[in-house]
Amino acid sequence: MRFGILGDTRAWYDDGTEVPLGGPARRALLALLLVRPGAVVPAERLAEEIEPGGGAVTAHALQSQVSRLRAALPEGASIERTGSGYRLVLGRTEAESVDAVRFERAVAEGRAALRDGDPRRAAEVLREALGLWRGPALAGLPDSETARTAAVRLDELRLAAVEDRIEAELRTGEHRAAVPELRELVDAHPLRERPAALLIRALSAQGGPAEALLVFEETRRRLAEELGADPSPELTRLHRELLDAGGLPAPTQPPAPLTAFIGREAETAELAALLGAARLVCLTGPGGVGKTRLSAEVARGVRDGGAEVCFVELAALRDGSALAPTLLAALGLRGSGLQPAQGPLAPVDRLITALADRPLLLVLDNCEHVVDEAAALAARLLSACPRLRVLATSREPLGVIGEHVRQVRPLDEAAAVRLFEDRARAVRPGPAPDPVTVRRICAALDGLPLAVELVAARLRTLELDELAGRVGDLLAVTARGSRAADARHRTLRSVVSWSWDLLSADEQRAARRFSVFTGGATADAALRVCGMAGDTLESLVEKSLIEPVGGGRHRMLETVRAYAAEQLREADEEEPTGRRHAEHLLDLLDGAAPHLLRDAQLDWLPRTAAEDGDLAAAVRRALAAHDPDTALRLLAAAAPSLWIRGASAPLGPAAAAVLDALDGTPPEGLAEEYAVCVLLAAAGAPGTADGGGPTAWRRHRATAQRALEDVWSGERAGRRPAALLVWMLRNAGEADPGPAFGLVSAQRDSPDPWARAAAAFVAGYGPLADGDTEGAERAFREAVDGFRALGDRWGTALALDALAALAGARGDHEAAVALTDRALTLAGELGALEDSADLLVNRGDHLVGRDPGRARADYTEAAALARAGGGSAGLAAALRGLGDLALLDGDLDEAFRRYGDALGRMDPTWVRNLGNRVCCLAGLGRVAEARGDLATARDRYREAAAAVAGLGPGPARTLRLMGLPETTVEAVLRAGSPGW
C-alpha cells in the first residue's frame, strides 16, 4: 500500500487502485498521521485540526473518524491508540509507503552524489524524487498549524531539491536548457540568492557575462531595497569571478605577498572590524613601517570575505590632477575606445557614476605625495557614494571629517625577531641565528620592517656578529626606546644608505638608474636603460632593493626608489638616463603601433598598457628638461594604444602642457605628432586650469589642421594612420567639418592598408551628409572589409556600427541587429564597456518595433553597464530607450520620469548626446500632447526642431535617421514652423 501527501492526501493499493478514504475530515486525519509516520499525535491536536470549519470535534467524533479510517485501510496498515494519542503503523515498509519519506531519502542520496562528484547520478536521482510531487504539499487540508508547518518544510525541501538538480545539470554542461527554468525561479523567489547564483553561472557558461552581471546587479538591488542587506559572500565571490573572467572590468587587486606576513595579526583583525563600521580609515606612520603591507593584508581579508576591493598605488604620482584618472584606471574603467571623441564628463563625475551604488573597499596607498587632492577626492566620493569605504595610507592624516586615524607602529621585539629570522633563512639556510644578537639588531633598527628586511638580506655576505656590529656603529643605538616618526625616518634612511654603500659600483649604478622606472620594468628594459646585466638585477633582488612583481617585471620599493633617485641626481646621470628611458619607450611604443592595428591587437594592448605610468613620468621629465619635442613624440607613439583602450583622458593634462611649451607652433617634421597631441589634450577633463578638454581643442584645432594639410594632402601616407581616424571623428561634431574631411582623399590610395580602410570609413560620412546613403554604405563596407582583413577589432566595430545605423534607417532592422551583434562581440573582446553599452542601446532601438521584450533587456543591460563603467552618456541613452518603451506601453508617468532623468544626465553641447537629446525632447512632447498639454508639447517639439536645425541633409531626414516615429517627426517639423 502507498500513501501520498505531496499534493492532496491520497492512498493506493499495491495494484495502483485508489483507496476510498471518505470525506475531508478522514483525509485530514490520515494526512496528520502521515506527516511523521509512526509518531504519536496527541488526540487533542487531532480533534482541533481535522474539522474543515476550524472548530474542534468532540472526543467521540474523533474516535468515530478514526474507526472509519481504520476500516478503509487494508491489511498492513493500522491506527493504534497509544496513551493520549494515535499513531499510524506501517511496519517495515514505511520508507516505501509514504511519498514524502521516499522524497526526503532520495534528496539526501542526490545531494550525496553531488558532493561526491557524480553530478549525472545526482541529477537522475533528484529528477525521480521531484517526480513524486503532484501539487502543493498537503493540499486541501484545513488551515491547521501542523499542516502549515509540515507543508512549509516540504515545499522548502522541494525548492532546494530543484536547485540541487539544476546545479547537477549545470555541472554536466546543460546550461542552455537550465536558463528558462532558472529565470522562472528567480522571478518567483526574487530574494532567494541561490537561484540567482545558478542563473548567473548558466548565463556566464553560455557566453553571456554581461547578462549574468545584470542578474547579479538586479539581485543586489532587490536585497538592498527590500531587506537592507548585501549579497552573501558566495554570491559576491561569484560576481568577482565574473569580473575576472572578462565581464565587467576587474579592479586592481592588492599586491600578492612575496614573503610571509609577520607580526600584525591583531592590527589586521582590528582594522577589518573597524572598516565594518567606519567608512574612512587612514593608516599613518613613517616610511618603511609597513603601512602598505598592512593595508594590502587587510584588503585581501575583506576580499576573501566576499567584498569587492580596489587597490590604488599613488607613490608614483606627483601631479594631483592625475589622481582621479588613476583611480579610474585602477577600477578598470576605460573611456570610449570606439568613439574616441570624449564627452565633457570629468573623471571625478565618472567615478561617482560608477561607484554611486557599488559596495567597494577603495585602498589609496601612499597618499602623502598628493595628500590635499586625495583628501578632497575621498571626501567627495564618500559623500556621493554611500556604499563606498576608503582605507588610506599616508605619512600624515587626510584631515577629512569622519576619518579614523590609526598610527602604524614598528613591530614589537618578538615580531621583529621572527621577521628577521624568516628573511635570514631565505638568504642563508641553516641553523637559526643567535636570538640574542638578532634581538640587538632589531632593537637598533627600532623594529622597522623594511629596515629589518634590508639588514637581514646582508647575511648572504656578512656574518651575524659582523652585521650586528656594523648596524650598531651606524645607528649608535644599543637599546630600544620611544622614538618619534621623524627619528624613525632617519633610522630607515640610514639603513637604506648603509645597504646602498655595501653595493658594488656596478650595482649602485644600475640601482640609481633603475629609479627612472616609476611603473616597473622588464629585464630587457632594465638592461637597455640601466646598462644592467642579468646577474646584477638578480643580485639587487636578493638584497631586497628590487622586487619581482610578476609578468616578467620588477619594481623598486618607493622608499628605496626615492633614495636611488637622489643618487642619480648627485651622480649627474638624471638627464642621460632619462633620455635612454624615453628612447626605450619610443622604440617599444613605435614598434607596437603596427601590431595594435592588426590581428595581434589583443596581445599588444596589455604590453603597452603596462607602460602607462612610465610614459607619464617620461613626458614630465622631458618637459622639465625643456624638451617638448621628445614629449610630443612619446605621446604620439602611445596614442593608438590609448585610443583603443579608451585611456587617453589621463594624459590630457600632460598633452596640454606640451602644447603650451610649444607655444602653438608645430615642430618641424612633427605635424602629425602635434595633431595627435591636440587630440589627447582635447580628451582631458573640461574646464581645467591647464587648458585641457574643449579649451585645448578650440585653441589648437586650426593650427593642427593646417599642419596636417601639409602632410596628408600630398602623396605621403603619414606615419600616424590612427590619427586620421580620430581626427575625423573628433571633427565630425564641429559646425564646419568640411576642411577636416578634405584630408581624407589622399589617404584613399595610401600604401598602408589600415590607412586606406580608415579613409574609406571617414569618406562614408560625406555622401551620408548629402543624403546619399548608397554611397555611404559602399564606403562603410569597404572599411569593414579592410579592417577585418587586417584583424583590427577597433576599426571593424566602428564601421559595423555605422552600417547598422544605415540598415536601421532604411527599415532593415534584422540586418541592423545582426551587424550590431558583430560589433558587440568585437567591443567585448576589447573590453570596451561604455561602447558595449552604446551598442546595446543601438540594438534596442532596432528591436523596439519588432520585439519590445528584447529591446527592454538591451536597454536595461546597457544601463547597468554604463553605471558600472561610469558613463553618463551611455546611461542617458539607455534611460531614453526605456522612456520610449514606457511611451509605447501608454505609461505616461514612467515615460516622463525616464526622459527627464535622461536629459538631466546629458550635456547639450556634446555632439554624441544630440540624437538622444532630440529623442527625449520629442518624447516629452508626445507625453505632454497625450495629456492634453499642447503648450508644453509645442515647446518641447520646438526645442527638438532647433537642435537639428542646419544639420545633415535637412531636419526631416535627420530626424528620421535618429529613429523617431513618423508621427513624431511630423509633429516636430510642425512645431518648428511659424504658427504651430
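Helix H26 has buried residues, and what covers them includes helices H22 (505-514), H23 (523-530), H25 (558-570), H27 (601-609), H28 (612-624) and H29 (628-645). The model is predicted. The protein chain holds 47 helices and 13 strands.

**Helix H26**
- Helix H26 covers residues 574-596, which makes 23 residues.
- At 1.5 Å a residue, H26 should span 33 Å. The C-alpha atoms at its ends lie 32 Å apart, which agrees.
- Buried residues of H26 include Thr 577, Gly 578, His 581, Ala 582, His 584 and Leu 585.
- Leu 586, Leu 589, Ala 592, Ala 593 and Leu 596 are also buried in H26.
- In an α-helix there are 3.6 residues a turn, so residues three or four places apart point the same way.

**Strands S4 and S5**
- Strand S4 takes in residues 78-82, and strand S5 takes in residues 85-89.
- The two strands pair in the antiparallel sense, over five bridges.
- S4 and S5 form a hairpin, with two residues between them.
- Gly 83 sits in the turn and has a positive phi of about 60 degrees.

**The whole chain**
- The protein chain has 980 residues, and 54% of them count as buried.
- Take the contacts with a separation of 6 or more: 69% of these come from residues 24 or more positions apart.
- The accessible surface of the chain is about 40400 Å². Carbon and sulfur atoms account for 50% of that surface.

Definitions and conventions:
Residues are numbered from 1 along each chain as its sequence is written. This is a predicted model: local features need pLDDT of at least 70, side-chain atom pairs count only at pLDDT 80 or more; totals for chains, interfaces and linings use all residues. Side-chain values use heavy atoms; hydrogens and water are left out. Helices (H or I, at least four residues) and strands (E, at least two) are DSSP runs, numbered from the N terminus. The expected span of a helix is 1.5 Å times one less than its number of residues. Buried means under 20% relative accessible area, exposed over 50%, partly exposed in between (1.4 Å probe, protein chains only). Contact means heavy atoms within 4.5 Å. Two strands pair if DSSP finds at least two bridges between them. Accessible areas come from the Shrake-Rupley method with a 1.4 Å probe; for residues, only the protein chains shown count as cover.
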